[in-house]
Amino acid sequence: SQRSPAAIAASLKRSAERSLRRKSSPYRSAMSMLTFYINRAGSNLPDKRRRVLERAKTELRKAFGRPVT
């Protein structure tokens with residue numbers, strides 16, 4: 001599924017906020033999910049897909065109103 005970084009971020013934000021199995025903030029939880037997914041897929045992730053996912057991190061920061069570095 002070639003979804004936009006913004007769409008991925010929105011989806012992660014939604015699931016993180018709904019999740020009942022969560023210790024830290026929804027933001028940290030969502031960022032962890034994304035990072036875990038990227039790391040787990042490892043080198044099997046096509047470059048294009050990886051770039052979309054990396055950009056989703058920025059979108060996630062925006063969605064949660066975090067400073068974008």
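Student: What covers the buried residues of α2?

Tutor: In this predicted model, the cover over the buried residues of α2 includes α1 (5–18) and α3 (47–63).

Student: And which residues of α2 are buried?

Tutor: Tyr27, Ser29, Ala30, Met31, Leu34, Ile38 and Ala41 are the buried ones in α2. As background, an α-helix has 3.6 residues a turn, so residues three or four places apart point the same way.

Student: How does the span of α2 compare with what its residues should give?

Tutor: Helix α2 covers residues 26–41, and at 1.5 Å a residue its 16 residues should span 22 Å, which agrees with the 23 Å between its end C-alpha atoms. After α2 comes Gly42, which has a positive phi near 55 degrees.

Student: Ok, on to the packing: at what angle do α2 and α3 meet?

Tutor: They pack at about 175 degrees, and their axes are 11 Å apart. Angles over 145 degrees count as roughly antiparallel, and α2 and α3 are therefore roughly antiparallel to each other.

Student: Which residues make that contact?

Tutor: From α2 the contact uses Tyr27, Ala30, Met31, Leu34, Thr35, Tyr37 and Ile38, while α3 contributes Arg50, Leu53, Glu54, Ala56, Lys57, Leu60 and Arg61. Sorted by class, the contact of α2 with α3 holds 9 nonpolar, 1 polar and 4 charged residues.

Student: Switching to α3 itself, what is buried there?

Tutor: The buried residues of α3 are Arg49, Val52, Leu53, Ala56, Lys57 and Leu60, and these pack against α1 and α2. As for its length, α3 has 17 residues and reaches 24 Å from its first C-alpha to its last, close to the 24 Å expected at 1.5 Å a residue.

Student: New topic: how many aromatic pairs does a search of the whole structure find?

Tutor: The search finds 1 aromatic pair. The rings belong to Tyr27 and Phe64, with centres 5.5 Å apart and planes at 70 degrees, so the pair counts as edge-to-face, given that planes over 60 degrees apart fall in that class.

Student: Where in the chain do those two sit?

Tutor: The pair links distant parts of the chain, since Tyr27 is in helix α2 and Phe64 is in the segment after α3, 37 residues apart.

Student: Are Tyr27 and Phe64 buried or exposed?

Tutor: The cut-off for buried is under 20% relative accessible area. Tyr27 is buried, because its relative accessible area is 13%, and Phe64, at 18% relative accessibility, also counts as buried.

Methods
Residues numbered from 1 in each chain as written. Predicted model: local features only at pLDDT ≥ 70, side-chain atom pairs only at ≥ 80, totals over all residues. Heavy atoms only, no water. Helix = DSSP H or I, 4+ residues; strand = E, 2+ residues; numbered from the N terminus. Expected span 1.5 Å × (residues − 1). Buried < 20%, exposed > 50% of the residue type's maximum accessible area, 1.4 Å probe, protein only. Contact = heavy atoms within 4.5 Å. Axes fitted to C-alpha atoms, helices over the stretch in contact; angles between N-to-C directions. Parallel < 35°, antiparallel > 145°, perpendicular 65-115°, else oblique. Nonpolar A, V, L, I, M, F, W, Y, C, P; charged D, E, K, R; others polar. Phe/Tyr/Trp six-rings, centres within 6.5 Å; stacked < 30°, edge-to-face > 60°.
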